[in-house]
Amino acid sequence: MSRTLSRRGFALPVAVFAIVIIGALVAGAFFASTQEFRIGTNTLQQARALGAAEFGLNQTHANWNSGWNTTMQRGEVRTVTPATSDGSVATVRVTRLNDQAFLIASEGIAGQARRRTAKLLVLNVPQLNMLAALTARGATKIGGSSFIDGNDHNYPDWDCPATGPALPGIATSDTSEITRSGCKDYNCVAGSPKVVETTAAADTSTYFNFGSLDWAQLTAMASKLATGGKTALPTVVNGVCNEADVSNWGEPYKANGGPCLEYYPIIYANGHLTMNGGRGQGILLVEGDLHVQGGFEFYGPVIVRGMLKTSGTGGHFNGGVLAANVELDQNVVIGNAVIEFSRCTIMKALNGSASLTSAVERAWYEVY
């Protein structure tokens with residue numbers, strides 16, 4: 001008799017087990033590669049978002065709107081969106097903290113990633129030692145129908161605070177070197193007092209050192225180079241203040257309106273300069289002599305290394321004049337020239353033309 005033996009095979013279970021193992025390995029590899037891809041994409045988006053945030057900070061700083069220096073109030077916020085080239089988005093919020101400080105917060109967005117960085121910037125404002133409406137280091141001749149006034153002045157539509165204490169009309173190192181022609185008893189000078197004698201008027205640092213800046217640094221910041229004889233007038237192109245025009249020194253006539261109202265350039269003449277009329281605002285720096293005629297009007301501080309001379313219809317200086325007179329020639333203020341002290345125009349000009357620098361400590365930080 002034969003007996004049938006039952007022999008069950010193990011190949012099928014082994015094959016099924018192997019398939020399960022291989023499937024698990026494939027699934028694990030697929031899951032790992034998917035995670036790696038997602039992590040890489042997220043890292044790339046995070047990097048692009050951070051790059052966009054930094055781009056927003058740098059572009060806003062590099063292309064700073066100097067009009068904000070004078071128009072923004074404390075706590076006021078302005079928003080800008082610099083254009084990027086990779087499709088990411090940068091949104092920058094500029095907040096004025098006080099008279100000298102701004103906080104720039106930039107948020108970059110790339111895909112689902114968001115990064116925000118911030119920077120604290122401060123205005124590098126020159127510090128002027130204005131001793132009087134006219135501070136002269138050398139001999140000075142005044143007269144004619146000229147007038148020098150140390151009383152603090154405000155001007156229409158300049159949005160000035162209340163006037164402050166008066167300064168002397170003239171500050172000099174030696175009052176005996178003042179020559180008066182038709183100006184008996186200093187009746188062509190006003191101030192408190194009219195004239196003051198001070199050693200500070202003979203100190204070159206009064207004319208060439210401005211806080212953290214000196215003459216070389218301040219002239220290097222100039223956006224306008226003036227030479228020879230010139231007439232300054234504001235110009236507008238397509239509704240935009242034409243800052244590229246070397247003869248455009250801003251618009252001090254605020255009632256005229258226009259885009260040049262808050263444009264306060266630093267103007268530098270690297271030699272002698274003759275002004276034949278027109279108007280401007282900002283800071284005027286003259287390496288040589290300054291000769292003014294034709295009723296030229298300027299709002300802001302004027303610093304002359306050489307001699308100041310006015311003639312004919314003279315000039316109107318609304319702010320203050322520092323005449324260093326390095327060769328000790330005689331400053332001549334005659335004709336119907338007018339020099340008026342104005343804290344408002346000086347501060348507007350200094351703030352409006354000031355450059356932005358990073359705060360000394362913890363200027364940059366990452367928010368998230």
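Mentor: Let's start with two definitions. Buried means under 20% relative accessible area, exposed means over 50%, and partly exposed lies in between, with a 1.4 Å probe and protein chains only. Helices (H or I, at least four residues) and strands (E, at least two) are DSSP runs, numbered from the N terminus. With those terms, α5 is mostly covered, as nine of its eleven residues are buried.

Trainee: Which residues of α5 are buried?

Mentor: They are C344, T345, I346, K348, A349, L350, N351, G352 and S353. Before we go on, this is a predicted model, where local features need pLDDT of at least 70 and side-chain atom pairs count only at pLDDT 80 or more, while totals for chains, interfaces and linings use all residues. Residues are numbered from 1 along each chain as its sequence is written, and side-chain values use heavy atoms, with hydrogens and water left out.

Trainee: Why is N331 called buried?

Mentor: Its relative accessibility is 0%, and the limit for buried is under 20%, so N331 counts as buried. You will find N331 in strand β25, residues 331–333.

Trainee: What makes a residue a contact of N331?

Mentor: Contact means heavy atoms within 4.5 Å. Leaving aside neighbours within four places in sequence, N331 has contacts that include A136, G138, T140, G306, L308 and N325.

Trainee: What does the side chain of N331 reach at 3.0 Å?

Mentor: That side chain reaches the backbone nitrogen of L308. A polar contact is a pair of N or O atoms within 3.5 Å; within protein, one must be able to donate a hydrogen and the other to accept it, and residues adjacent in sequence count only if both atoms are side-chain atoms. The 3.0 Å between the N331 side chain and the L308 nitrogen falls within the 3.5 Å limit.

Trainee: Is G75 buried or exposed?

Mentor: G75 has a relative accessible area of 51%, and exposed begins over 50%, so G75 is exposed. G75 is found in the loop between α2 and β1 (77–80). Beyond its neighbours within four places in sequence, G75 is in contact with T95 and R96.

Trainee: How many disulfides does a search of the whole structure find?

Mentor: The search finds three. A disulfide is a pair of cysteine sulfur atoms within 2.5 Å.

Trainee: What makes C160 and C344 a disulfide?

Mentor: Their S to S distance is 1.9 Å, which falls within the 2.5 Å limit. The torsion about their S-S bond is about -80°, so the disulfide is left-handed. C160 lies in the loop between β7 (147–149) and β8 (170–172) and C344 in helix α5, so the pair ties together parts that are 184 residues apart in sequence.

Trainee: Why is C160 called partly exposed?

Mentor: Its relative accessibility is 23%, between the 20% and 50% limits, so C160 counts as partly exposed.

Trainee: Which handedness do the links of C183 with C188 and C241 with C260 have?

Mentor: C183 and C188 have sulfur atoms 2.0 Å apart, and with -95° about the S-S bond their link is left-handed. C183, at 3% relative accessibility, counts as buried, and C188, at 5%, is buried too. C241 and C260 have sulfur atoms 2.1 Å apart, and with 110° their link is right-handed. Both C241 and C260 are buried.

Trainee: What makes a space a pocket?

Mentor: On a 1 Å grid over the protein atoms alone, a pocket is an open set of points with protein on both sides within 12 Å along at least five of seven lines, and lining residues have an atom within 4 Å of a point. About 420 Å³ of space lies in the largest pocket, where a volume is the space filled by probe spheres set on the points, joined across faces, edges and corners. Its lining has 20 residues, with T70, P161, M347, K348 and N351 nearest the centre. Here α5 returns, giving the most to that lining, with five residues.

Technical notes
1 Å grid on protein atoms, 1.4 Å probe; cavity = no way out; pocket = protein on both sides within 12 Å on 5 of 7 lines; lining within 4 Å.
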